[in-house]
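Try each task before reading its solution.

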Amino acid sequence: MSSIAFAPMSQAVAKSPSKKQTASASTQKKSGTSAASKYRVNASKTKSMRTVKMHAPARKAGKAVIDAEMFDSFAGKSSNSNLAIASTKALVMNQNTHEIIYSKNLDTPTPIASVTKLMTAMVVLDAKLNLNDEVSITEMDVDYLKGTSSRLPVGTTMTREDMLNLALIASENRAASALATNYPGGKTRFIQDMNAKAASLGMMNTHFEDSTGLTSNNVSTAMDLAKMVHAAYQYPLIRQITTTSDYDLNVGSRRQPLHFHNTNALVRESSNSSWEIGLSKTGYISEAGRCLVMQATIAGEPLIMVLLDSVGKLTRIGDARRIKKWMEHNYTPLTTSQNGNGDIVLTGLSMSKSLNDNAN
């Protein structure tokens, strides 16, 4: 069984890397060492999950022309049942054992859009800034890169905690930008601390240039994002906020509060479904496609799911649902048994079929 270099809970707060650490990271990048080479996909313990190939015209046109079977529901425990994952890059990992259950292009760098905001939240909380301090939206927080709209006009003032809520729940770009603008040292120092945090977590294929994810220069890999999700999960406030379905906030002189809802439909419906989500964040810009990262307990085990570069609004949610149904029908949790000498032996994870060759 493999191990993964996740930072332990006691190391949740990052420090800027030393010159020696920086040199080591640089050496690793130059050597071309694959991050996934340290982790083993246990083919004998996983079922035949397989990929869904996009038609080339669909990718060029930016529209979803996808095999119809991608939308088929799971048919039960039949040995012929397969799981189709349409997201271009994907990773499903057991958070406790760190065993990779499913992977697809897990070391391919890609823009990550608003998934960035998980790192933004960690940097804010690591700085131990007063969450009750009032923070204002300024002209510096307006998106002139993508031209996205916002319900927070320039001059809007609220607490830093409210900004954090809007950034993580509603993926409010001006809120995420304001958190960086109002950081000691400003945006420049904030971005430095984001990259230092990534380095401390072993995210060697990750780079940040802003706190919102609007720039396509914020890049990472499925493997690196699994490390980021694991780290973010150690912050109770991030878990609480990202699993909140709706948020009401009085803004300015408005008589009625503004209503914001979670950008992840699975969180919004979780109170009326069997989902047990511990952390969630979505993301989208045209260069990144639709993205979703989650921590969720499925079949009694905590999983980290990373779904990147999905075509179409429903694909990432459909992939998550198919993973959940597949796991519920095929997953055997970690168990122990005794050998002939009476010693307790860890039998590991047991999956009914092996990974398909296309799942790489």
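Keep in mind that this is a predicted model.

**Exercise 1.** Sort the lining of the largest pocket by residue class, then find which elements supply it.

*Solution.* Start with the classes: the lining has seven nonpolar, 12 polar and eight charged residues. The whole lining comes to 27 residues, and A170, S171, T263, T282 and Y284 lie nearest the pocket's centre. Next, look for elements that give two or more residues: these are β10 (258–261), α9 (265–269), β11 (277–285) and α10 (315–330). β11 has the largest share, with five residues. To finish, the volume of this pocket is about 720 Å³.

**Exercise 2.** Work out how helix α3 is oriented relative to helix α6, and which residues meet.

*Solution.* Two packed helices are described by the angle and the distance between their axes, so get those two values. The axes of α3 (residues 116–126) and α6 (residues 186–200) come within 10 Å and cross at roughly 100 degrees. An angle of 65 to 115 degrees counts as roughly perpendicular, so α3 is roughly perpendicular to α6. Now the contact itself: T116, M119, T120, M122, V123, V124 and D126 of α3 meet F190, D193, M194, K197 and A198 of α6. By class, these contact residues are seven nonpolar, two polar and three charged.

**Exercise 3.** Is I100 buried or exposed?

*Solution.* First place I100: it sits in strand β4 (residues 100–104). Its relative accessible area is 1%, and buried means under 20%, so I100 is buried.

How values were computed
Residues are numbered from 1 along each chain as its sequence is written. This is a predicted model: local features need pLDDT of at least 70, side-chain atom pairs count only at pLDDT 80 or more; totals for chains, interfaces and linings use all residues. Side-chain values use heavy atoms; hydrogens and water are left out. Axes are lines fitted to C-alpha atoms, for helices over the stretch in contact, and angles run from 0 to 180 degrees between N-to-C directions. Helices (H or I, at least four residues) and strands (E, at least two) are DSSP runs, numbered from the N terminus. Angles under 35 degrees count as roughly parallel, over 145 as roughly antiparallel, 65 to 115 as roughly perpendicular and the rest as oblique. Contact means heavy atoms within 4.5 Å. Ala, Val, Leu, Ile, Met, Phe, Trp, Tyr, Cys and Pro count as nonpolar, Asp, Glu, Lys and Arg as charged, and the others, Gly among them, as polar. On a 1 Å grid over the protein atoms alone, a cavity is a set of points where a 1.4 Å probe fits but cannot get out, and a pocket is an open set with protein on both sides within 12 Å along at least five of seven lines; lining residues have an atom within 4 Å of a point. Grid points are joined across faces, edges and corners, and a volume is the space filled by probe spheres set on the points. Buried means under 20% relative accessible area, exposed over 50%, partly exposed in between (1.4 Å probe, protein chains only).
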